[in-house]
Amino acid sequence: MALAIALILLVVGSVAFHFLSPWWFTPIASNWQSMDDTVNLTFWVTGIVFVAINLFMAYAILRYRHRKGTAQRAKYEPENKKLEWWLIVVTSIGVAAMLAPGLVVWARFVDVPEDAAIVEAVGQQWHWSFRFPGKDGVLGLTAAGLVTLDNPFGMDPGDPKGQDDVLIANPELHLPLGKPVKMLLRSKDVLHNFTVTQFRVKMDLVPGMITYLWFSPTRIGAYEILCEELCGIAHFAMRGSVVVDEQSGFDTWLASQPTYAQTVARVAGDPVAGQAAYATCMACHGPRGEGNEALHAPKLAGQGSWYLARQLRHFKQGVRGAHDDDVYGKQMVAFAGLLDDVGINNVMAYLATLPDGPLPATVAGNSAAGKPLYVSTCAACHGAAGEGLWATNAPRLAQMSDWYLSTQLNNFKQGIRGSHAQDFYGAQMALMARILADDRASNDLVAYINTLGKPESQLSAYNDRP
Amino acid sequence: MSISGLFLLVVAAIIGWWLFARQLTAKPWEQKQSEADDQYGGGASLALGPARAGLWLFLGVITAFFGLFMSAYRMRMMVPDWSPLAEPSLLWLNTVMLILSSAAFQWTRGAADHGDAGRVKAGLGAAGLFALAFLAGQLLAWQQLNASGQYLTSNPAIAFFYLLTGLHGLHLLGGLSVWGRTTARMWRGGSPLGDIRLSVELCTVYWHYLLLVWLALFGLLLIT
Amino acid sequence: MAYVAIADRDVHPHDPQTFFTRYIWSQDHKVIAIQYSLTAILVGLVALVLSGMMRLQLGFPNSFSFIDPSNYLQFVTMHGMIMVIYLLTALFLGGFGNYLIPLMVGARDMVFPYLNMLSYWVYLLAVIVLMVGFFVPGGPTGAGWTLYPPQAILPGTAGAGGGIILMLVSLGIFIVAFTMGGLNYVTTVLQARCRGMTFMRMPLSVWGIFMATVLGLLAFPALLVSAIMMTLDSTLGTSFFMPALVSMGEPLDYKGGSPVLFQHLFWFFGHPEVYIVALPAFGIVSDLLSVHARKNIFGYRMMVWAILAIGGLSFVVWAHHMYVSGMDPYFGFFFATTTLIIAVPTAIKVYNWVLTLWHGDIHLRTPMLFAIGFIFTFIHGGLTGLFLGNVTVDLPLSDTYFVVAHFHMVMGVSPILVVFGAIYHWYPKITGRMLNETLGKVHFWLTFLGVYAVYLPMHYLGILGVPRRYFAMGDTNFIPESAQSLNASITVSALIVGVVQVVFIFNLVWSLFKGPKAGPNPWGATTLEWQTPDTPPSHGNWGPHLPVVYRWAYDYSVPGAKQDFIPQNQPGDPALTAGRDHGIKG
């Protein structure tokens with residue numbers, strides 16, 4: 001009795017939940033309305049079956065439940081061929097009604113429109129980058145073996161078709177409104193999955209092969225790209241965004257992005273000119289780039305120049321130091337504005353010549369308590385020795401200013417740093433910094449980092465492999 | 001995958017046919033069917049006995065195992081970095097050894113059927129020796145490959161070669177352990193020849209089967 | 001008579017002498033079954049605790065310092081693998097299969113008792129190797145239970161050095177154990193049925209376990225093949241699955257391997273695995289429904305055919321797990337079609353369960369509650385399968401919480417409800433005592449309603465677009481705050497369900513000593529295991545003579561019969577059988 005009532009209530013409750021649920025598809029922003037339609041159709045067919053069978057079952061329990069003291073007896077009924085065949089036919093019709101539209105829509109998905117523009121999405125642990133084919137409309141050749149710090153896309157320098165390819169070395173992609181796009185998907189390391197929830201379609205990126213999907217954006221706006229194929233420890237932090245814009249806005253954006261030829265042509269910095277420019281920096285960061293806690297200036301010597309250069313640009317562009325609570329970051333904004341791109345390069349070249357000395361520890365904590373988190377999680381990007389990895393956009397931590405690490409961990413956690421929409425990699429760190437429950441956890445972690453010696457190489461992977 | 005698919009189809013067909021012969025369509029609740037069913041004597045449905053049935057089932061499992069490896073081989077071949085392997089000619093000699101081993105088992109089985117203990121001993125000895133010769137030959141082939149600079153990691157065809165021959169060899173080693181037990185029992189004497197006969201028969205089936213697997217593997221290696 | 005020669009000789013084929021041989025190195029299928037079941041339940045409790053940890057993080061992100069992204073994924077991986085392989089597969093086949101097959105087909109034991117014993121100890125070894133993973137540096141693998149390369153064996157994933165190897169080795173050992181057991185189960189069904197036990201007189205439990213074992217024997221080799229090749233890729237540097245790639249900025253020596261090949265092999269095992277778990281549940285629940293509704297299972301033949309059809313079809317649907325894997329998209333047409341076809345025999349089974357209740361005399365005792373609970377959750381999980389099997393519908397939902405909710409409903413909750421029902425049902429036979437009804441009902445209601453409160457809302461998180469295997473959602477522009485509240489409520493429900501299992505464990509232990517004594521056949525069931533001379537059945541099961549079977553397994557409420565059930569080994573009575581035929585017409 002109770003069971004029959006429970007079943008009826010569950011059916012009613014499920015249907016009510018379905019219709020009242022505020023959790024439903026996000027408004028669609030692509031041409032794949034037909035996918036939503038097939039989902040809705042499936043909901044109707046399966047929903048009716050769900051209600052019908054369960055209510056029938058509840059009724060059967062109510063009606064044929066055993067009652068004490070009555071001489072009730074079940075009917076002997078081995079089978080009923082007619083009924084069974086009838087049920088098979090009805091079920092088959094229902095199944096076909098769901099399958100047929102699904103296959104029709106799938107045929108459209110498989111068949112990419114002729115006029116679809118080609119864009120390549122490149123995935124790696126744990127961020128996105130993108131490539132447009134440039135004026136010739138053809139993407140140049142790439143190879144995994146060619147990937148280096150200076151050639152993160154693995155472009156084949158000998159392929160003329162690749163010279164005009166436009167490289168977007170950050171996880172923000174712009175697309176024009178209403179134009180079909182064929183996304184070619186390439187992975188440098190492990191499986192990833194390109195998903196924009198509002199576009200509905202998704203596909204895995206598989207190293208060693210190129211996969212694809214296509215859609216036409218139908219709504220202006222910014223949409224998140226999520227990786228939806230488990231790709232390691234920081235899987236949940238592998239995010240990007242698609243900005244859908246009018247054609248003119250898109251064209252302006254695309255024109256401002258560098259081609260492969262342009263990135264190759266960038267000249268190396270001049271350390272002598274850099275030394276002159278560094279004179280301004282020296283007051284706070286010290287003559288040997290060793291940093292100065294009293295002036296809130298972190299150590300620079302030994303830090304990856306790709307990282308320092310990016311931070312300088314972020315300060316210049318207002319991506320960093322813009323938050324009201326980032327008191328010391330704000331001080332840096334004015335100084336960063338003194339350097340143009342050439343100046344940044346020169347300063348980097350000079351910094352690379354500075355000796356990388358050890359620092360006294362200033363943060364006290366229980367390094368043993370901090371170790372597990374560092375080893376299991378932080379090391380994935382920053383390296384087991386805290387050496388930093390350009391490939392994961394993770395700066396060096398070992399033997400850098402420890403008080404600065406504490407401040408920044410706190411800033412990330414509070415949203416003072418890493419909350420700007422253009423601070424893509426800072427946003428990843430913000431997701432991670434939230435793991436730290438309190439200041440003690442943060443101090444323990446920094447204390448563990450203090451136990452790490454001066455790293456031998458900045459490029460070595462975080463754990464040794466055969 | 002297609003090879004495995006085919007294999008499973010065959011398995012399904014066999015099961016289906018056999019169950020059909022067992023009247024899968026019977027209505028066991030009807031009086032007439034019930035009377036017919038009462039005549040069923042129980043026990044062996046395949047007229048094989050548990051040991052034989054168990055062995056045949058096991059061969060089915062191994063077939064799935066090697067079939068899937070062969071499917072994986074075919075699928076891996078489609079990747080452009082594939083380069084075919086020049087098989088050492090020693091393999092031909094090894095194949096002859098395995099055929100001889102299998103034939104010796106067949107002969108032993110005949111001897112066991114006739115109750116000729118002396119010939120059973122001789123046959124078992126010969127079968128074992130040829131099988132060991134095959135294994136030694138396979139090891140030698142590995143060495144030849146290794147000596148010519150073709151290592152496990154050199155290319156996928158070589159990796160598959162080492163893997164498939166190694167696994168086949170392991171299966172043969174498993175068979176040899178049963179062969180060893182049977183031979184020891186035979187030489188110790190005391191076991192009734194009837195028991196030995198079953199062991200010899202099962203070994204023979206297993207040997208023939210491993211020969212078939214080897215021929216299939218060798219064939220696949222040769223044509224690719 | 002041939003039958004005497006085969007079956008009645010050797011009444012005590014390997015009589016145990018000491019405590020040690022009786023309970024530890026036992027070759028008795030019933031003892032082995034209990035060893036299998038207890039080990040599986042124990043390791044399942046570990047997996048339950050792991051799921052609790054995952055739910056804590058998801059419901060209350062970053063509140064617990066012992067959960068970080070790395071060990072979160074380790075929990076996910078170990079929870080999944082343990083539940084699917086080491087709990088459900090081992091419990092249904094090693095546990096229920098071992099206990100029920102010889103008793104239900106009227107055999108004294110499995111045909112290869114020694115191999116059967118070995119199977120358990122090798123299984124235990126596999127479990128131990130798996131658990132060692134928790135104690136090696138780097139911990140167990142965090143690659144997800146699918147273990148997809150390249151990620152599983154590269155830095156950036158927890159346990160990429162030691163954990164993954166232990167996992168692969170443990171799986172290999174498990175497959176060896178399973179093969180030893182599986183050959184036994186199939187051969188016993190084929191070769192050791194008692195006199196009169198034709199195939200179509202077998203209870204559906206035996207059919208389900210039999211077909212599941214056949215699937216396992218053919219499907220597990222695919223897992224073994226992929227495990228061997230991945231181990232070589234990881235340790236010796238071959239390139240079966242590993243393409244040229246750059247790991248953490250450094251190019252590795254691999255080249256040309258195909259990660260998708262691994263996925264094909266994995267799912268060629270993985271999909272039949274779903275049915276390896278589901279088919280025994282289908283079979284067992286059919287028998288529970290029939291016994292407690294005092295009515296024959298409706299459409300027995302159709303049920304047998306459906307088991308065979310589902311088993312066969314389960315080998316041609318594997319790539320529906322791979323619609324977004326980057327395989328040739330044209331495969332989508334084929335696999336969507338085969339997948340939706342498999343819905344038809346599955347639906348038949350559901351109809352027949354429900355029709356078994358119709359015109360029944362339904363006793364709502366604890367096993368029956370779980371059986372009906374199963375029908376409800378299975379309908380729900382089966383129907384959401386129609387979403388994910390249909391390639392276009394799968395696309396927006398793939399890799400979201402919809403998938404998680406679906407497969408937990410269909411192959412987590414549903415089979416587990418059957419496991420509970422089966423334990424309440426057969427416990428009197430196994431121990432000679434009844435389980436406590438009141439505790440059983442408390443256990444049922446909290447578990448049943450609790451799991452629905454967990455998984456129903458979870459589907460809607462998936463539709464919203466919340467991805468699975470995310471340590472934390474963080475800030476997005478499309479997931480509202482309310483989704484987090486929903487996640488918290490799911491966690492609370494999940495924890496309640498987890499804690500309620502203590503009631504069940506307590507009941508198991510308490511009733512062993514204090515439960516009311518059960519007769520040999522407390523439910524009034526027809527099948528042979530209830531007709532043993534001793535309860536619990538002694539070694540050799542049947543005393544001096546094997547049973548002889550005279551009827552199918554479902555002679556309940558036969559018109560004209562005095563009792564509402566006629567045991568399978570009761571000789572035919574012309575008057576009764578006439579009434580039976582009459583009953584069919586009436």
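Q: What is the handedness of the crossing of H6(C) and H7(C)?
A: The crossing of H6(C) and H7(C) is left-handed, a term used if the near helix is turned anticlockwise from the far one by less than a right angle. Bear in mind that this is a predicted model, in which local features need pLDDT of at least 70 and side-chain atom pairs count only at pLDDT 80 or more, while totals for chains, interfaces and linings use all residues. Residues are numbered from 1 along each chain as its sequence is written, chains are lettered from A and ligands numbered from 1 in the order in which they are written, and side-chain values use heavy atoms, with hydrogens and water left out.

Q: And at what angle do the axes of those two helices, H6 and H7 of chain C, cross?
A: The axes of helix H6 (residues 163-191) and helix H7 (residues 204-235) of chain C cross at roughly 155° and come within 8 Å. H6(C) is therefore roughly antiparallel to H7(C), the word for angles over 145 degrees. Helices here are DSSP runs of H or I with at least four residues, and strands are runs of E with at least two, numbered from the N terminus.

Q: Changing topic, which residues make the nonpolar surface patch?
A: A:Val15, A:Phe19, A:Leu20, A:Trp44 and A:Ile48 make a patch of about 590 Å². Patch residues have over 30% relative accessible area and no salt bridge, and nonpolar side chains are joined within 5 Å, like charges within 9 Å. A salt bridge would be a side-chain nitrogen of Lys or Arg within 4 Å of a carboxyl oxygen of Asp or Glu.

Q: Which helix gives the largest share of the patch?
A: H1(A) does, with three residues, though helix H1 (2-20) and helix H2 (33-64) of chain A each supply at least two.

Q: Is A:Leu20 buried or exposed?
A: A:Leu20, which lies in helix H1 of chain A, is exposed, with a relative accessible area of 69%. Exposed means over 50%, buried under 20%, and partly exposed in between, with a 1.4 Å probe and protein chains only.

Q: Where does C:Met248 lie?
A: C:Met248 lies in the loop between strand S1 (246-247) and strand S2 (250-251) of chain C. C:Met248 has a positive phi of about 50° although it is not a glycine, and it counts as buried at 3% relative accessibility.

Q: Which residues does the cis peptide bond in chain A join?
A: That bond joins A:Gln125 and A:Trp126, with omega about -5°. A:Trp126 is in the loop between strand S1 (117-124) and strand S2 (127-132) of chain A.

Definitions and conventions
Accessible areas come from the Shrake-Rupley method with a 1.4 Å probe; for residues, only the protein chains shown count as cover. Axes are lines fitted to C-alpha atoms, for helices over the stretch in contact, and angles run from 0 to 180 degrees between N-to-C directions. Angles under 35 degrees count as roughly parallel, over 145 as roughly antiparallel, 65 to 115 as roughly perpendicular and the rest as oblique.
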